[in-house]
Amino acid sequence: MLAPTRMAAPSEIEQGMLALLFEFEHLRVATLPPLNATDRLRIGRRMDCDLVVDDASVSKMHAELRWNEADQRCTVQDLGSTNGTFLNARSLGGREAVLRDGDILSVGNVQFWYLLTRTLHERLRVGEATGLGSRSG
């Protein structure tokens, strides 16, 4: 049985966002599997989520990403989580928002940098040119 969700700490969220932007060489890279024409990916602590995030500030069923092949876009929506879902430090509330290349998505105290494959590869090449490493996980 999962423990209750812990309240997110604004200082941890800010620190996580800064790390994404300024400590790129220390980030873990996780790629999402290709999604079908219209597909969804659920984020949360429950083992039946598509992306399991083992952090007490993340709700059991926290947020959902939806890919729409026809529109070539990804949207995110909070699923009634305790701490909310934030896009670029702004609360989504109950609305669905379109993710854009470079957006920072926060669920509890955990941040994700939404990068298109092309952008990720460009950032990794810059890191290689400056001698900075990267790690995948």
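Before the sheets, a note on terms: I call two strands paired if DSSP finds at least two bridges between them. Helices (H or I, at least four residues) and strands (E, at least two) are DSSP runs, numbered from the N terminus. I'm working from a predicted model, where local features need pLDDT of at least 70, side-chain atom pairs count only at pLDDT 80 or more, and totals for chains, interfaces and linings use all residues. Residues are numbered from 1 along each chain as its sequence is written, and side-chain values use heavy atoms, with hydrogens and water left out.

**Entry 1: the whole chain**

I looked up the secondary structure and got 2 helices and 11 strands. Reading from the N terminus, the order is α-β-β-β-β-β-β-β-β-β-β-α-β. Of the 137 residues, 36% are buried; buried means under 20% relative accessible area, exposed over 50%, and partly exposed in between (1.4 Å probe, protein chains only). The chain exposes about 8,500 Å², and carbon and sulfur atoms supply 52% of that. Those areas come from the Shrake-Rupley method with a 1.4 Å probe, and for residues only the protein chains shown count as cover. I also looked at contacts, meaning heavy atoms within 4.5 Å. Taking contacts between residues at least 6 apart in sequence, 46% join residues at least 24 apart.

What is the strand order in the open sheet of 4 strands? I read it as 7-6-9-10, with antiparallel pairing. Strand 7 (90-91) and strand 10 are the edges: each has a single partner strand, so one side of each is left without a neighbour in the sheet. As a reminder to myself, strands of a sheet pair through backbone hydrogen bonds, either parallel or antiparallel.

I then went across the sheet pair by pair. Strand 6 (residues 85-87) pairs with strand 7 in the antiparallel sense over 2 bridges, and Phe86 stands opposite Ser91 in strand 7. Strand 6 is also joined to strand 9 by 3 bridges, again antiparallel, with Thr85 opposite Val107. Strand 9 and strand 10 pair antiparallel over 5 bridges; there, Leu105 has Phe112 of strand 10 as its bridge partner. These two strands form a hairpin with 2 residues between them, and Gly108 in the turn has a positive phi of about 60 degrees.

Is strand 9 largely enclosed or largely open? I find 5 of its 5 residues buried, so strand 9 is largely enclosed by the rest of the structure. Asp103, Leu105 and Val107 point one way, Ile104 and Ser106 the other, and all are buried.

**Entry 2: the largest nonpolar core**

A nonpolar core here is a set of buried Ala, Val, Leu, Ile, Met, Phe, Trp, Tyr and Cys residues joined through side-chain atoms within 4.5 Å. The largest one has 17 residues, and Ile43, Leu65, Cys74, Val76, Leu99 and Val107 touch the most other members. Strand 2 (38-44), strand 4 (63-68), strand 5 (73-78), strand 8 (96-99), strand 9 (103-107) and strand 10 (110-114) each supply at least two residues of this core. Strand 4 gives the most, with 3 residues. In soluble globular proteins, nonpolar side chains tend to be buried together.

I checked Leu99 too: beyond four places in sequence, Leu99 is in contact with Leu65, Cys74, Thr75, Val76, Leu87 and Tyr114.

**Entry 3: Glu64**

Glu64 is in strand 4. Buried or exposed? Glu64 comes out buried, because its relative accessible area is 2%. Its side chain makes a polar contact with the side chain of Arg66 at 2.7 Å. By polar contact I mean a pair of N or O atoms within 3.5 Å; within protein, one must be able to donate a hydrogen and the other to accept it, and residues adjacent in sequence count only if both atoms are side-chain atoms. Leaving aside neighbours within four places, Glu64 is in contact with residues including Arg40, Arg42, Thr75 and Gln77.

**Entry 4: Ala3 and Lys60**

Ala3 lies in the segment before helix 1 (10-22) and counts as partly exposed because its relative accessibility is 46%. Setting aside neighbours within four places, Ala3 is in contact with Arg45 and Lys60. Ala3 and Ala56 are 53 residues apart in sequence, yet 7.5 Å apart in space, C-alpha to C-alpha.

Lys60 lies in the loop between strand 3 (51-52) and strand 4 and is partly exposed at 35%. Beyond four places in sequence, Lys60 touches Leu2, Ala3, Thr5, Gly44, Arg45, Arg46 and Cys49.
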